[in-house]
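Have a look at the structure below before reading on.

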Amino acid sequence: MNGSIRTPRFGGRTSGRSGARSGARSSGRSSGRSSGLARGSSLALGLTLALVQAFALPGCGGEDRPAGQAAGDDAPSGPTFTAFELEHGVGPITAPVQLGTIDLEKATRGETLFQYNCEACHMLEDRFVGPPLGRVLEHRSAAFVMNFILNPEQMVREHPEGQKLLAEYPLVMPYQNISEDEARALVEYLRTVMEREP
Ligand code: HEC
C-alpha cells in the first residue's frame with residue numbers, strides 16, 4: 001500500500017534530511033580525520049560540503065545549484081509556510097503533539113469517529129477515494145494528521161504535501177466538523193492500528 005502514495009516527500013524528507021545531514025557531517029568529519037589534513041582542519045568547509053551533499057543527494061540533478069536555491073525550489077509558488085507548517089501542516093495545531101502511551105479510551109472514541117466520518121473515503125490498507133491511513137503516522141506527524149483533519153481545504157489547496165496528494169486523489173477532502181479533541185482521538189486510534197499491524 002505504500003506503493004499508492006508517492007514518496008512521502010516531506011515526512012520522509014524531514015527524517016531523511018536530518019539523517020542525511022548528521023550522517024554527512026559525521027562522515028565528513030571522519031574522512032577529514034582519516035584522509036585530508038586540509039579538509040579536517042576546516043570544520044566550516046566540512047560542514048558546507050556536508051550541506052551541499054545533503055541537498056544534492058535527494059535532487060540528483062542539482063549539482064550546480066547552490067544549497068539555498070535547492071531548498072527554495074520546493075517552496076510553493078503561492079503562500080509560503082514556516083518550517084513548522086511544512087512539517088506539521090497548517091491549521092489550528094501549532095505545536096508538535098506529545099504522544100505518550102496509547103490512551104485506549106481515546107482510541108476507542110477515535111475508532112467510532114473513523115467509522116462514521118472517514119471510512120466513506122479512507123481504508124486502512126488500500127487506496128480508496130483518499131489514501132490509506134493505517135500507516136499514515138509513519139510518514140506524517142500527529143500534528144500534520146490533525147491539521148489535515150481540522151483544516152483540509154487549506155491543506156489540500158495550499159500546502160505542498162496536500163497539493164501532491166490532490167494530484168493523486170482529485171477530490172478535496174471536506175471538513176467533517178471534527179473538533180480538536182476528536183482529531184486527537186483519531187490519531188490515537190491510528191496509533192493502535194499501527195501497533196496491531198506491524
Ligand atoms: C469525502 C472523502 C473523504 C472523507 C470523508 C475523509 N477524507 Fe481524508 N482525504 C480524502 C482525500 C481525497 C485525501 C487526499 C487529499 C485530497 O486530494 O483532498 C485525504 C487525505 C487525508 C489525509 C492525508 C493523508 C496523508 O497521506 O498525508 C489524512 C490524514 C486524512 N485524509 C484523514 C481523514 C480522516 C481522519 C477522516 C475522517 C475524520 C477523513 N480523512 C475523511 C478524502 C476524504
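Which residues come nearest to the ligand? They are Cys118, Cys121, Gly130, Leu165 and Met173, out of 26 residues around the ligand, where being near means a C-beta atom, placed from the backbone, within 6 Å of the molecule. Bear in mind that this is a predicted model, in which local features need pLDDT of at least 70, side-chain atom pairs count only at pLDDT 80 or more, and totals for chains, interfaces and linings use all residues. Residues are numbered from 1 along each chain as its sequence is written.

Helices here are DSSP runs of H or I with at least four residues, numbered from the N terminus. Both α8 and α10 (160-168) supply at least two residues of the ligand shell, and α8 gives the most, with three residues.

Now to the largest nonpolar core, which has 21 residues. Such a core is a set of buried Ala, Val, Leu, Ile, Met, Phe, Trp, Tyr and Cys residues joined through C-beta atoms within 7 Å; buried means 20 or more other C-beta atoms within 10 Å of a residue's own, with C-beta atoms placed from the backbone. α8 (142-150), α9 (152-157) and α11 (180-196) each supply at least two of its residues, and α8 gives the most, with eight residues.

Two residues can be compared by their contacts, meaning C-beta atoms, placed from the backbone, within 7 Å; partners up to four places away in sequence are left out.

| Residue | Contacts |
|---|---|
| Valine 145 | Val136, Leu137, Arg140 and Val187 |
| Glycine 91 | Asn147, Leu150, Asn151, Gln154 and Met155 |

Glycine 91 lies in the loop between α5 (83-88) and α6 (104-117), and counts as buried because it has 22 C-beta neighbours inside 10 Å.

Technical notes. A residue is buried if 20 or more other C-beta atoms lie within 10 Å of its own, exposed if 12 or fewer, and partly exposed in between; C-beta atoms are placed from the backbone.
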